[in-house]
Amino acid sequence: MIFNKDTAKKTAEVLLQINAIKLSPQAPFTWASGWKSPIYCDNRIILSFPPIRNYIRETMGKHIERQYGKPDVIAGVATGAIGIGMLVAEYLGLPFIYVRPDAKGHGRKNQIEGFVESGQNVVVVEDLISTGKSSLNAVKALKEANVNVKGMIAIFTYGFDIATDNFKNADIRLNTLSNYENLLEQALETNYISKKDLETLSEWNTNPSEWDAK
């Protein structure tokens, strides 16, 4: 769930402003999964815009303290959230670690990179939530390391039902700065999309795996 409407609106505004999120109902993108999608999100672009990355860093940091209290460690999910997670950890003056999708096949064979102790409180930072599968894979690795995962905070979520179910089943609290609903509201308000586009974008979100752009 979003923290509040003002944060969701402002975050959507800046993501559209720097093209971290692109909406293209008439010429949809193809995701790695093969899904056709009228939206593409690449929050790594945030790192190239200092005022925007500072906004995201400070907003995430403040909401983490309000929501969870100050944890012992911030964990980023590789690779998209390493940069953002590090910025949040720096803002809060906390240690930072990141979690790979899988353990390395060589060297120390780590899946968790950095130093974390058993029993420490960790908040996980993610850049984007789609189904939640990769994000919860990182949580699983942290739990196997016997750390206390207090919750996860992400910049943006598509708001898919499957993600809601996955986080509920994993008993992990998820909060995001913005979401798909508030993104569409902001895009319509600023004439980034038309009312016809809004219909198409809303239709896609209800059944993204089966959506047909025709």
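Predicted model: local features only at pLDDT ≥ 70, side-chain atom pairs only at ≥ 80, totals over all residues.
Which residue just after α3 takes a positive phi? Gly93 does, with a phi of about 70°.

**Helix α3 and its surroundings**

Helix α3 covers residues 82–92. Its buried residues are Ile84, Gly85, Leu87, Val88, Ala89 and Leu92.

Look at the partner helix next. Helix α2 spans residues 50–68 and packs on α3 at an angle of about 60°, with the axes 9 Å apart. That angle makes α2 oblique to α3. The crossing is right-handed. On the α2 side, the contact is made by Arg53, Ile56, Arg57, Glu58, Met60, Gly61, Lys62, Ile64 and Glu65. On the α3 side, Ile84, Leu87, Val88, Glu90, Tyr91 and Leu92 take part. Several names return here: Ile84, Leu87, Val88 and Leu92 are among the buried residues of α3. By type, the contact residues divide into eight nonpolar, one polar and six charged.

Helix α6 holds residues 180–189, and helix α7 holds residues 195–206. Their axes come within 10 Å and cross at roughly 170°. Therefore α6 is roughly antiparallel to α7. From α6, the contact uses Tyr180, Leu184 and Leu188. From α7, it uses Lys195, Leu198, Leu201, Ser202, Trp204 and Asn205. Six of the contact residues are nonpolar, two are polar and one is charged.

An α-helix has 3.6 residues a turn, so residues three or four places apart point the same way.

| α2 and α3 | about 60° | 9 Å apart | eight nonpolar, one polar, six charged |

Now turn to the strands. Six of them form an open sheet in the order β7-β6-β5-β8-β9-β10, with mixed pairing. Which strands are at the edges? They are β7 (112–113) and β10 (174–179), each pairing on one side only.

Strands of a sheet pair through backbone hydrogen bonds, either parallel or antiparallel. Strand β8 (residues 121–129) pairs with β9 in the parallel sense, over eight bridges. Here Val122 stands opposite Val149 in β9. On the other pairing, β9 and β10 also run parallel, joined by five bridges. There Ile153 stands opposite Asn175 in β10.

Is β9 mostly covered or mostly open? Strand β9 (residues 148–157) is mostly covered, with eight of its ten residues buried.

**Helices across the sheet**

Helix α2 lies across β5, β8, β9 and β10, and runs at about 140° to β9. Helix α1 lies across β9 and β10, at about 55° to β10.

Val14 sits in helix α1, which covers residues 5–17. Is Val14 buried or exposed? Its relative accessibility is 2%, so Val14 counts as buried. Leaving aside residues up to four places away in sequence, Val14 touches Ile52 and Tyr55. How far apart are Val14 and Tyr40? They are 26 residues apart in sequence and 15 Å apart in space, C-alpha to C-alpha.

Key: Residues numbered from 1 in each chain as written. Heavy atoms only, no water. Axes fitted to C-alpha atoms, helices over the stretch in contact; angles between N-to-C directions. Helix = DSSP H or I, 4+ residues; strand = E, 2+ residues; numbered from the N terminus. Parallel < 35°, antiparallel > 145°, perpendicular 65-115°, else oblique. Left-handed = near helix turned anticlockwise from the far one by under 90°. Contact = heavy atoms within 4.5 Å. Nonpolar A, V, L, I, M, F, W, Y, C, P; charged D, E, K, R; others polar. Buried < 20%, exposed > 50% of the residue type's maximum accessible area, 1.4 Å probe, protein only. Pairing = 2+ DSSP bridges.
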